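Me: I would like to learn how to read a sheet and its aromatic neighbourhood in a model of this kind. Could we go through it one feature at a time?

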Amino acid sequence: MQLHELVNTLGQDLQRRYGEKVHKLTLHGGFSCPNRDGTLGRGGCTFCNVASFSDEQTQKQSILEQLTDRAGEVHRAKKYLAYFQAYTSTYAEVQTLKSMYEEALQAADIVGLCVGTRPDCVPEAVLELLSGYVEQGYEIWLELGLQTANNDTLKRINRGHDFECYAEITKKARALGIKVCTHLIVGLPKETRSDYIDTMSKVVEVGTDGIKLHPLHIVEGSTMAKAWKAGRMEAPELEEYVSVASELIRMTPPDVVYHRVSAAARRPTLLSPLWCENRWLAMTEIGRNLDKNGPQGSLIQRPFTYTKPIVD
């Protein structure tokens, strides 16, 4: 069976609702990050080297120029989502964001926005801005980098926020009609299968509209790269990732949309795991696992009840 027959993928979800293929076009808005510029910290998250996932040169182009170039690279699509991916794409004055977002929305064949950001960088003014686009009929996705619900892990990787911050902003966004896509990483240091299951249970309990699963990438220029080169940590093996990802997908409600079930990167930036150079390898194996053991939503886990901690 094809992966989209086993997983509620973004591609099939958009095809069903729009009646044709809708493609995401990746943009670089020239944003920074409070965990890199000194506001929260410096050096960013320990896994981070965003240059490995986005072309820094594109920020020299206007939003419209980037959209035009990206659309020219895509075949069999006539409608697009403008995806502000690099760094923290809500980390600017709201008028600056409004100008960028609306430059994208005014481009031909753009049906909405995907905005990648951190849970602690979405103030009320940004929520109001995005909800206004929802009211105008645009497809709006707020992509929140959670990575894990384990607060101890979040501290170790220098994330700069906790799970409670994520839960609060997710609930606020969804109450305004903004769709939330939650980014999760499998393979973070000291995490085990029980941590991954606990994270998914908490995310499902809080509520989310979409999920992106990523295997941990160890990339040149990151803090983790130093530990990897010194032999102090390892990246997940393909078999391990496929097993964990498949279980997490099976415990995900069928109406949650998967934007991604794996991720790819290239050498020389990618140090490990090298199986991530082949973008189809993990996807194919996950499809086989789900075909054998059950599709998305087929595995029911013990319910998790999220309670916001009391602050003195």
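The dialogue below takes up the sheet, then the helices packed on it, and then the aromatic rings.

Reply: Please keep in mind throughout that this is a predicted model.

Me: How should I begin with the sheet, and in what order do its strands run?

Reply: In general, the strands of a sheet pair through backbone hydrogen bonds, either parallel or antiparallel. Here seven strands form an open sheet with parallel pairing, and their order is 1-2-3-4-5-6-8. Strand 1 (22-27) and strand 8 (257-260) stand at the edges with a single partner strand each, so one side of each is left without a neighbour in the sheet. On average, and ignoring direction, neighbouring strands of this sheet are turned by 25° against each other.

Me: Over how many bridges do strand 4 and strand 5 pair?

Reply: Strand 4 (residues 139-147) and strand 5 (residues 179-186) pair in the parallel sense over six bridges, and within this region L142 stands opposite V180 in strand 5.

Me: Which strands do helix 6 and helix 7 touch?

Reply: Helix 6 (residues 163-175) packs on the sheet and touches strand 4 and strand 5, with its direction at about 170° to that of strand 4. Helix 7 (residues 193-206) also packs on the sheet, where it touches strand 4, strand 5, strand 6 (210-215) and strand 8, and its direction makes about 175° with that of strand 5.

Me: Why does F84 count as buried?

Reply: The cut-off for buried is under 20% relative accessible area, and F84 counts as buried because its relative accessibility is 0%. Y101 is likewise buried, with a relative accessible area of 0%.

Me: What kind of aromatic pair do F163 and Y166 form?

Reply: F163 and Y166 form a tilted pair, 5.6 Å centre to centre with 35° between the planes. Both lie in helix 6, three residues apart, or about one turn of the helix, and both are buried.

Me: Which lysines lie over the face of Y83 and of F163?

Reply: K24 lies over the face of Y83, at 4.1 Å from the ring centre, while K202 lies over the face of F163, at 5.8 Å from the ring centre.

Definitions and conventions. Residues numbered from 1 in each chain as written. Predicted model: local features only at pLDDT ≥ 70, side-chain atom pairs only at ≥ 80, totals over all residues. Heavy atoms only, no water. Pairing = 2+ DSSP bridges. Helix = DSSP H or I, 4+ residues; strand = E, 2+ residues; numbered from the N terminus. Axes fitted to C-alpha atoms, helices over the stretch in contact; angles between N-to-C directions. Contact = heavy atoms within 4.5 Å. Buried < 20%, exposed > 50% of the residue type's maximum accessible area, 1.4 Å probe, protein only. Phe/Tyr/Trp six-rings, centres within 6.5 Å; stacked < 30°, edge-to-face > 60°. Lys NZ or Arg CZ within 6 Å of the ring centre and 35° of its normal.
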